[in-house]
Amino acid sequence: MKKVEDYIRSIPDFPEEGIIFRDISTVLQDADGFKLAIDELLALLDDVEFDVVVGAESRGFIFGAPIAYELNKPFVLVRKKGKLPCDTIEQEYELEYGKATLEMHTDAIKKGQKVVIVDDLIATGGTIKAAIDLVEKLGGEVVKTVFLIELAGLNGREKLSDYNVEAVVTYEGK
């Protein structure tokens, strides 16, 4: 029986020499691989009580929406600045070379709601920490964050040390 990592394509020296790019397009292109990825993410949520699934743009949408659908939970978008049409709150965060801003609708999370955040990858943790900050600004409580892939060498767990973090596949490098 195949594992999720059997569907992930590793591309050496992309986008620069010494980096191994973990490509999830091969997971999505294979019906069995995609189903297995969703099933494995769902398994990480066994026994977790929560009200809302949040997905970060854009690959968090790919994995978060089917999870919300399967568990009959609402799905909330976290998007890049300027992409949401109604009143929003925003959170700036650091990138390797600069800054970026994420937004969420002000009515997306209600005070006291328990939230699970889903994304494809945890690297440095900056994007998900910004998403967590947005949820908390609206009065939500992040009870778990789940990822398909963790790049442990980039120490994202350290930035999220106050939160429950799990990944389906962990690569020790960057």
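I count two residues as in contact when heavy atoms of each lie within 4.5 Å. The model is predicted.

**Entry 1, Leu138.** I started in the loop between helix 4 and strand 8, where Leu138 is found. Is Leu138 buried or exposed? With a relative accessible area of 16%, Leu138 is buried, because the cut-off for buried is under 20%. I then listed what Leu138 touches, leaving out residues up to four places away in sequence: Ile89, Met104, His105, Thr106, Ile109, Lys110 and Lys111. I also looked up a pair 76 residues apart along the chain: the C-alpha atoms of Leu138 and Ile62 are separated by 24 Å.

I moved to strand 5, which holds Gln91. Gln91 has a relative accessible area of 17% and is therefore buried. Which side chain makes a polar contact with the side chain of Gln91? I found Lys137, at 3.0 Å. Setting aside neighbours within four places in sequence, I noted Ala100, Thr101, Leu102, Ala130, Asp133, Leu134 and Lys137 as contacts of Gln91. One of these, Leu102 in strand 6, is also the bridge partner of Gln91.

An open sheet of 7 strands runs 5-6-4-3-7-8-9, with mixed pairing. Strand 5 (88-95) and strand 9 each have a single partner strand, so one side of each has no neighbour in the sheet. From one strand to the next the twist averages 20°. Strand 5 pairs with strand 6 (residues 98-105) in the antiparallel sense, over 8 bridges.

I then checked which helices pack on the sheet. Helix 2 touches strand 8 and strand 9, and its direction makes about 140° with that of strand 8. Helix 4 (residues 126-137) touches strand 3 (52-56), strand 4 (75-80), strand 5, strand 6, strand 7 (114-122) and strand 8. The direction of helix 4 makes about 155° with that of strand 5.

I checked the length of helix 2 (residues 31-43). At 1.5 Å a residue, its 13 residues should span 18 Å, and the end C-alpha atoms are 18 Å apart, so the two agree. What caps the N-terminal end of helix 2? Asp30 does, with a side-chain oxygen 2.9 Å from the backbone nitrogen of Asp32. I listed Gly33, Leu36, Ala37, Ile38, Leu41 and Leu42 as buried in this helix. An α-helix has 3.6 residues a turn, so residues three or four places apart point the same way. The buried residues of helix 2 pack against helix 1 (25-28), helix 3 (59-71), strand 8 (141-151) and strand 9 (165-171).

I went through the largest nonpolar core, which has 27 residues. Val54, Met104, Ile109, Ile117 and Leu160 touch the most other members. Strand 3, strand 4, strand 5, strand 6, strand 7, helix 4, strand 8 and strand 9 each give two or more residues to this core. Helix 4 gives the most, with 6 residues. I listed the contacts of Val54, again without residues up to four places away: Phe75, Val76, Val78, Met104, Ile109, Val115, Val116, Ile117, Val118 and Val135. Apart from this core lies another, of 25 residues, including Ala37, Leu41, Phe50 and Leu151. In soluble globular proteins, nonpolar side chains tend to be buried together.

Conventions
Residues numbered from 1 in each chain as written. Predicted model: local features only at pLDDT ≥ 70, side-chain atom pairs only at ≥ 80, totals over all residues. Heavy atoms only, no water. Helix = DSSP H or I, 4+ residues; strand = E, 2+ residues; numbered from the N terminus. Expected span 1.5 Å × (residues − 1). Buried < 20%, exposed > 50% of the residue type's maximum accessible area, 1.4 Å probe, protein only. Polar contact = N/O pair within 3.5 Å; in protein donor to acceptor, adjacent residues only side chain to side chain. Pairing = 2+ DSSP bridges. Axes fitted to C-alpha atoms, helices over the stretch in contact; angles between N-to-C directions. Core = buried A, V, L, I, M, F, W, Y, C linked by side-chain atoms within 4.5 Å.
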